[in-house]
Amino acid sequence: MAGAASGRMGGMLVGSGHGRGRKNRHGGMDDLEVEERRASKLIMPETEDAAARQMFDEMMLQEQDICMKGVQHLRISTDGEKGTRTKTRRRWQTSDTVDLHTLLLHCAQAVATDDRRNAHELLRQIKQHATPSDNGVQRLAYCFAEGLEARLAGTGSQLYQSLMVRRTSVVDFLKAYKLFMAACCCKKVAFVFSNKTIYDAMVGKSRLHIVDYGLNYGFQWPGLLRGLAAREGGPPEVRIPGIDLPQPGFRPAYQIEETGRRLSNCAREFGVPFRFHGIAAKRETVHPEDLNIDPDEVLVVSSLCHFRLVSDESVIPGQLSPRDQVLNNIRKLQPDVFIHGVMNGAYGSTYFPTRFRELLFFYSAQFDLLDATVPRDSEDRVLLERDIFGTAALNVIACEGLDRVERPETYKQWQARNNRAGLRQLPLKPDVVKVVLDKVKDHYHKDFIVDEDQRWLLHRWKGRVLYALSTWVSAD
């Protein structure tokens with residue numbers, strides 16, 4: 001990558017520079033440092049212990065087996081617990097008991113208008129009935145009350161940053177991630193949709209180049225490598241540039257390097273010729289000339305729910321937003337297919353009461369689906385709700401400006417944004433949709449529904465659209 005320091009690790013080339021080696025035109029290095037603090041939440045210790053290595057190996061090589069059926073044995077609950085849940089649902093429908101949703105909305109309005117006396121009183125009432133260990137509504141209220149309290153005290157950004165630099169055990173994070181994979185179909189649907197789309201694009205082709213905007217731990221790719229290894233005629237050559245934010249410290253590309261090493265090991269195990277190129281940079285600073293595009297390769301661009309973390313135009317009014325910059329760069333790449341997955345949230349608004357209400361609606365579904373699929377005394381569920389859902393909610397509730405990094409948009413907003421950037425949406429392929437539908441029907445809770453709208457594949461929980469997937473090419 002031009003302008004970036006790099007070093008070879010077997011079949012990998014890891015770049016630790018910032019895009020093309022330039023400072024951010026829109027805010028110096030301060031903007032990057034805010035995002036780096038977010039990335040450091042999942043920072044990995046320099047030396048993985050045996051338990052972490054074993055979990056990574058399991059999740060890399062057995063990802064296809066992580067599904068709802070893997071946690072069904074945990075759903076066995078006593079008659080007493082079932083009775084308690086029935087009564088709890090009935091209580092929310094009565095008018096003479098506490099309605100935590102309404103209290104939360106009233107409290108958010110009081111915080112927005114700086115009605116501190118009323119806000120403190122409403123918080124007191126909420127905290128009397130909220131708990132991190134009971135039903136989904138009470139757990140959500142506990143989580144949101146912490147965010148409101150931090151916003152009211154003016155300590156939201158400091159609290160969020162302290163959570164970002166706190167080292168979460170890799171094993172604990174992987175346990176929570178694995179539980180979410182098993183209980184919620186969203187990631188499984190995204191992986192199946194993406195991998196089937198790529199597999200079909202490779203028919204009769206021998207070289208594949210995947211630009212991954214949001215590498216994280218790379219759990220998406222072992223399933224694809226396994227499928228390509230088994231195809232008739234043998235596997236193609238696969239090249240993956242994995243893009244993710246640099247981490248603070250002396251080794252900004254450490255996590256990317258480790259992910260590349262694990263993916264290289266998987267490819268070797270499956271017998272797939274593989275090269276990995278790690279890029280530690282902000283997504284909008286990675287340009288087509290940094291990616292060594294080869295016209296003889298099938299070029300796939302992938303982003304599964306990562307662009308919600310890229311700044312929008314509200315951060316720096318009057319300038320092309322980083323979100324539009326990255327879409328323009330994708331158009332210039334002229335990919336054979338751009339696979340775009342989005343978290344369907346309307347809580348990117350700058351107006352706090354609207355943002356809070358939309359966040360409440362979105363996370364009500366997330367906490368409810370966990371209540372329907374995972375026992376309340378699950379330690380992994382507590383970790384998932386506290387360190388993943390809770391931290392993201394805190395950022396939306398208690399942070400503003402550059403400190404607010406969670407900025408999702410609805411799939412219809414992304415559709416308009418992609419069209420403006422010169423991208424053309426492709427129709428959904430019936431065979432791809434069928435594979436996804438069969439996976440959800442066979443392995444997940446009956447209240448997960450997958451359907452289509454405006455060429456997007458939607459996944460819903462009890463009617464609410466949580467995530468959406470689509471495919472695109474350059475319009476020109």
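The chat below covers a strand, its neighbours and a helix.

Q: What kind of model is this, and how are residues numbered?
A: This is a predicted model: local features need pLDDT of at least 70, side-chain atom pairs count only at pLDDT 80 or more, and totals for chains, interfaces and linings use all residues. Residues are numbered from 1 along each chain as its sequence is written, and side-chain values use heavy atoms, with hydrogens and water left out.

Q: Strand S6, then: buried or exposed?
A: Seven of the seven residues of S6 (residues 298-304) are buried, so the strand is largely enclosed by the rest of the structure. Buried means under 20% relative accessible area with a 1.4 Å probe, protein chains only. Strands are DSSP E runs of at least two residues and helices are H or I runs of at least four, numbered from the N terminus.

Q: Which residues are on each side?
A: Val298, Val300, Ser302 and Leu304 are on one side, and Leu299, Val301 and Ser303 are on the other. In a regular strand, side chains alternate between the two faces of the sheet.

Q: Which residue of S6 is the bridge partner of isoleucine 210?
A: Valine 300. Five bridges join S3 (residues 207-213) to S6, and the two run parallel; strands pair if DSSP finds at least two bridges between them.

Q: And S7, how many bridges there?
A: Five bridges join S6 to S7 (residues 337-343), also parallel. Serine 303 stands opposite histidine 340 in S7.

Q: New topic: how many residues of helix H11 are buried?
A: In H11 (residues 254-270), 12 of the 17 residues are buried, including Tyr254 and Cys266.

Q: What follows H11?
A: Glycine 271, with a positive phi near 80°.

Definitions and conventions:
Buried means under 20% relative accessible area, exposed over 50%, partly exposed in between (1.4 Å probe, protein chains only). The expected span of a helix is 1.5 Å times one less than its number of residues.
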